[in-house]
Structure formats: structure tokens, C-alpha cells
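Visitor: I would like to learn how to read a structure like this one. Please take me through a few features in turn.

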Amino acid sequence: MTTRFFDVSAAFLLEEGGTLDNVRVAYRTWGEPRSNATLVCHALTGSADADDWWQGLFGPGRVLDPGKSFIVSANVLGSCYGTTGPASTKPERLSPYGPGFPTVTIRDMVRLQAALLDHLGIDRLDLVIGGSMGGMQVLEWAIEYPERVDAIVPIGVGPSQSPWSIALSEAQRSAIKGDSRFRGGRYRPERPPRAGLATARQIAMCSYRSPQNFNARFPRNGDLASFDVQSYLRYQGDKLVDRFDANAYLTLIAAMDTHDVGRGRGPAAEVLGRVRTPALVVAISSDVLYPVAEVAALTASMGNAELAILDAPHGHDSFLVETERLNELVVGWLESRVTNREPRVASPR
């Protein structure tokens, strides 16, 4: 159950141009190896440790049942949890990539995951599931590798990154780059741009939660000097600084901004209409980052998709909080597919 590593032997070609040499992928697996598997895709600051951040979906009879499925989760390209990213050391050098790490896209992440699965001898995926940035990867899997995927569950995501979401990314980016310690992206690991990264996380948390969640958790206490929600945001910011790299954060929010299923392929609705992979698309009732209407529009454009709404007050992060209810939604859909299975047609690439 420990993290393992896969080293790509050839230079890895990036969508935006250029290559990366000596790319390493950190990944974990659960269950007995076989030629088919379930792939779990993580969100922005997640890791390959899916059983930690999605514990409620793991176990007998649940979506991720190691007794029935071979489950794989990999840390994405550009992150800082073992896969090559800005904090990694450049080949034949002693210094990290830092701000010189190249631009990566969601499609790059998925192609690297495909290379890992080839290495593991996995030909088909029974299910690809993930939320937020993970949901972006899920959609790309269905578009880029339709012949390898039997079912998908994208959660809390739209067909492209909206101007609203890009604006929030830009505010976070400005907070990090405005930190006096950042200095063009070069900083000593022991002295990260703490204030900037913490502020970026505080901005993000305001979009990950909902007004009703904050109102319920942090009622005004009558004190004019301090408010409980302020302490909460400071805590969340400090916690991220202690575990994440600022340049990796910038790399990944930039990758999320590139998310657009229609980019270079044609109108998004037409691209999605060709996706025949059975899909359960999950929207979150209180999500202010990817509102229900945006997720519903994604579902309506897809050729073989069903919309499910996770009715929860926690905002975008409900897919990480209400895991019992999310598990029920997905298990129910998977069971209905077994009893009402339709012929599957791979979409043209």
C-alpha cells in the first residue's frame, strides 16, 4: 500500500510544445493487478493517496472496492507529491525547475496517466472518476481514449474553465507572485512565499465552500475585533503552505485554466456529443465554482450521460465531505448500468 514510482524512458512531449526528460510518476494501487482497472483522478492539491482524501468511497460494496476492482491513482504532472513538477530537480542539475517548469495542460496529465497504465499492463478502465480538476481529467479520458474507458463519473466540472473560475485563479496567482519572497518564482525551500500562498488558499476556500456553509459554521459572535471565519481561513492557508509548493500551485491552476474540451477539436457541444461512454455527471447544489446550470449544460451536450445532483450545503468541496451520499449516487448508477447495459460505441477521435 506504499507509493510506487514509474520513470518514463522516453522524452515526454507536452501539448504546448517542448519536452520533459526523466519524468517520474508517483502512484498507488489497491486490489489485485489485472488488465482492467478503476482510475481515480485527484483535485488541485490532492495526491495519489486516494484512500486518504476519499476514504468514504473505499471499502466492500463501495465505488472503490479493492476486493472487486484493481484501483489506480496517480499524482498529476506538475504537482509536488512525487510526480515530476516545479519542485523536482532538473536532470543533470542540482537545482529544482522552479518557475522554469514548462506549461502543462490537463491533456498532458491524462497522456502521462495513459503511459503509466501501459506500464502496468492495463488495457481498459472499468471506471474513471474524479472531482474538480480530477473531473477535467475524467472528461479528457473519455474524449482521448474512448476505446479504453467503459464508464466515467466527472464531478463538479464544466465543459471548459469559465471566466469566473479563471478570474479566481488569477486572484490566487497575483497573491503568490506579489509575495516579497517570491522574487520571480525563485525562493529557498526553507523560506517559501508563505503569505502569498496562504492568501491564495484563502481565496480558493471562499469558492470551495458556500455562503450557507460559512453562515452555519461561523456565526457572528458579537466581537468587533475578530471573527471565527477569519481564523478558519488563516488556518487553511497556513496548512497548505506547510504541505505544498508555490510553483506547483501556479502550474496546476494554470493547467486548470486551459481546460476546454473544444480546444483544437471544434465546438464543445459537438465534441461532447460524440462521447458515447456512459457517464454519470455529478453537480453539487451549493457549488459557486461550477454551478449546477454549468454542469447540467455539460451533461446535456454529452451523448450518453445522466445528471445527478449532490444536494449538500458545503459548496464545491461537498464531493470530499458528503462521501457517503456521493457513494450512494455512484453505486446506484453503476448497479443500474449492469441491469440495463446498452451496447457501447467508441466515439471517433
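Visitor: In which strand is the place of Thr 29?

Guide: This is a predicted model. Thr 29 belongs to strand S4, which covers residues 24-30.

Visitor: Is Thr 29 buried or exposed?

Guide: A residue is called buried when its relative accessible area is under 20%. Thr 29 has a relative accessibility of 13%, so it counts as buried. Its side chain also makes a polar contact, at 2.7 Å, with the side chain of Arg 4.

Visitor: What does Val 128 touch, leaving out residues up to four places away in sequence?

Guide: Among the residues it touches are Leu 39, Cys 41, Trp 141 and Ile 152.

Visitor: How much space lies in the largest cavity?

Guide: A cavity is space where a probe fits but cannot get out. The largest cavity holds about 40 Å³, and the count of cavities of 30 Å³ or more is one. Its lining includes Val 25, Leu 77 and Gln 113. Helix H2 (residues 106-120) gives the most to that lining, three residues. By class, the lining has six nonpolar residues, two polar and no charged ones.

Definitions and conventions
Residues numbered from 1 in each chain as written. Predicted model: local features only at pLDDT ≥ 70, side-chain atom pairs only at ≥ 80, totals over all residues. Heavy atoms only, no water. Contact = heavy atoms within 4.5 Å. Helix = DSSP H or I, 4+ residues; strand = E, 2+ residues; numbered from the N terminus. Buried < 20%, exposed > 50% of the residue type's maximum accessible area, 1.4 Å probe, protein only. Polar contact = N/O pair within 3.5 Å; in protein donor to acceptor, adjacent residues only side chain to side chain. 1 Å grid on protein atoms, 1.4 Å probe; cavity = no way out; pocket = protein on both sides within 12 Å on 5 of 7 lines; lining within 4 Å. Points joined across faces, edges and corners; volume = space filled by probe spheres on them. Nonpolar A, V, L, I, M, F, W, Y, C, P; charged D, E, K, R; others polar.
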